[in-house]
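Below are my notes on the model, as numbered points.

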Amino acid sequence: MALETISCDGLSASIDSMGAQLMSLKVADAEYLWQGNPDFWPRRAPVLFPCVGCLKDDASVSAQGPVHLKRHGIARLFDHEVVSNDGKKVVFELTSSEKTKEAYPFDFKLNMEYEVDGTSLTQTFRVTNTGDVELPFTLGGHPAFNVPVPGADNESFEDYKLVFAEPWCAKTPKIDKAGLHDFSEMTTLFEDAREMDLSHAQIEQLLTLVFCDVPNYRVSLVGKKSGHGVELEFPGFDYLGVWTASVDAPFVAIEPWHGCADAYDESGKFEDKRDTIELAPGCETELAFTITPF
């Protein structure tokens, strides 16, 4: 394991090679990223690959045979090789192995790239199909942020809101205790609005808020008193998860997803999951999202 640090003009980030997980995001000495606490949630920003959320009974079938994946997949469970670090950008690599194939029977290469430009951090997922059959996968980020944000100690969790690019109608699917989604039973979160107050009670009741087709692929977490927070831009990610661990957890995770957990109306075949990318042999694809603290 290795902890890699990058920085530019006062913005710094640290990433652990174990899971290629973002561990710190600071403006000067102000820490915006949740620092993990086993009393609530020990992780900080795991990489989700090759699945987002859970499979029914942690299992599925695929053209290559059985798939056995726990929640959010296997990328977070392995040490990723450090390919390069030029001070502003660090690149990690995870390649398929006999161990990964015990859970996910496909050949792949996953490069996680983190880059700072002085105001923002960009997290890029680059996936290459190194096999000779189509590579099915979903992926996503899971960054969690301190609430209140640094320097806003007079604010509570409920003093924060999500701000979207334009007014819209947001609905979230029902999620059962196993984490499966039911898109036939949707709860309306708001209508013709661009802001939504954070609520521990609401997230506790609904388990996770799953937004679909967020306008302009952009959302901000903003303190209503301080005016400070973070903005995420996530082009190409058609789902956005918002989650916290308990009614008193001092963080919120804002999670860009390409895909989501298993749903009631799916076939049980891994390739048939919502928003699954099926990458041809020898091909490469990438998706990226940006975090801007303010």
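Helices (H or I, at least four residues) and strands (E, at least two) are DSSP runs, numbered from the N terminus. This is a predicted model, in which local features need pLDDT of at least 70 and side-chain atom pairs count only at pLDDT 80 or more, while totals for chains, interfaces and linings use all residues. Residues are numbered from 1 along each chain as its sequence is written, and side-chain values use heavy atoms, with hydrogens and water left out.

1. Largest pocket. A pocket is an open set of points on a 1 Å grid over the protein atoms alone, where a 1.4 Å probe fits, with protein on both sides within 12 Å along at least five of seven lines; lining residues have an atom within 4 Å of a point. Grid points are joined across faces, edges and corners, and a volume is the space filled by probe spheres set on the points. The largest pocket holds about 460 Å³ of space. Its lining has 24 residues, and Arg-71, His-72, Leu-207, Thr-208 and Trp-243 lie nearest the centre. Helix 2 (200–206) and strand 20 (251–258) each give at least two residues to this lining. By class, the lining has nine nonpolar, eight polar and seven charged residues; Ala, Val, Leu, Ile, Met, Phe, Trp, Tyr, Cys and Pro count as nonpolar, Asp, Glu, Lys and Arg as charged, and the others, Gly among them, as polar.

2. Leu-207. This residue has a positive phi of about 75° although it is not a glycine. Leu-207 lies in the loop between helix 2 and strand 16 (209–212). With a relative accessible area of 24%, Leu-207 is partly exposed (buried means under 20%, exposed over 50%, partly exposed in between, with a 1.4 Å probe and protein chains only).

3. Second largest pocket. The volume here is about 160 Å³. Residues lining the second largest pocket include Lys-56, Asp-57, Ala-59, Asp-262 and Glu-266. Four of the lining residues are nonpolar, two polar and four charged.

4. Loop between strand 4 (30–31) and strand 5 (59–62). Pro-50 is placed in this loop, and the peptide bond from Phe-49 to Pro-50 is cis, with omega near 0°. Asp-58 lies in the loop as well; its phi is positive, about 60°, although it is not a glycine. Asp-58 counts as partly exposed, at 28% relative accessibility.

5. Val-147 and Pro-148 are joined by a cis peptide bond with omega about 10°. Pro-148 sits in the loop between strand 13 (144–146) and strand 14 (160–175).

6. Two strands pair if DSSP finds at least two bridges between them. Strand 7 (residues 81–85) and strand 8 (residues 89–95) run antiparallel, joined by four bridges, with Glu-81 opposite Glu-93. Three residues separate the strands of this hairpin, where Gly-87 takes a positive phi near 100°. Strand 8 is also joined to strand 9 (residues 109–116), antiparallel, by seven bridges; Phe-92 has Met-112 as its bridge partner in strand 9.

7. Aromatic contacts. Rings of Phe, Tyr and Trp (its six-membered ring) pair if their centres lie within 6.5 Å; planes under 30 degrees apart count as stacked, over 60 as edge-to-face and the rest as tilted. The structure holds 21 aromatic pairs. The rings of Phe-164 and Trp-168 have centres 5.3 Å apart and planes at 70°, so this pair is edge-to-face. Phe-164 and Trp-168 are both buried. Ring pairs also link Phe-49, Tyr-104, Phe-106, Phe-108, Phe-137 and Phe-270 into a cluster.
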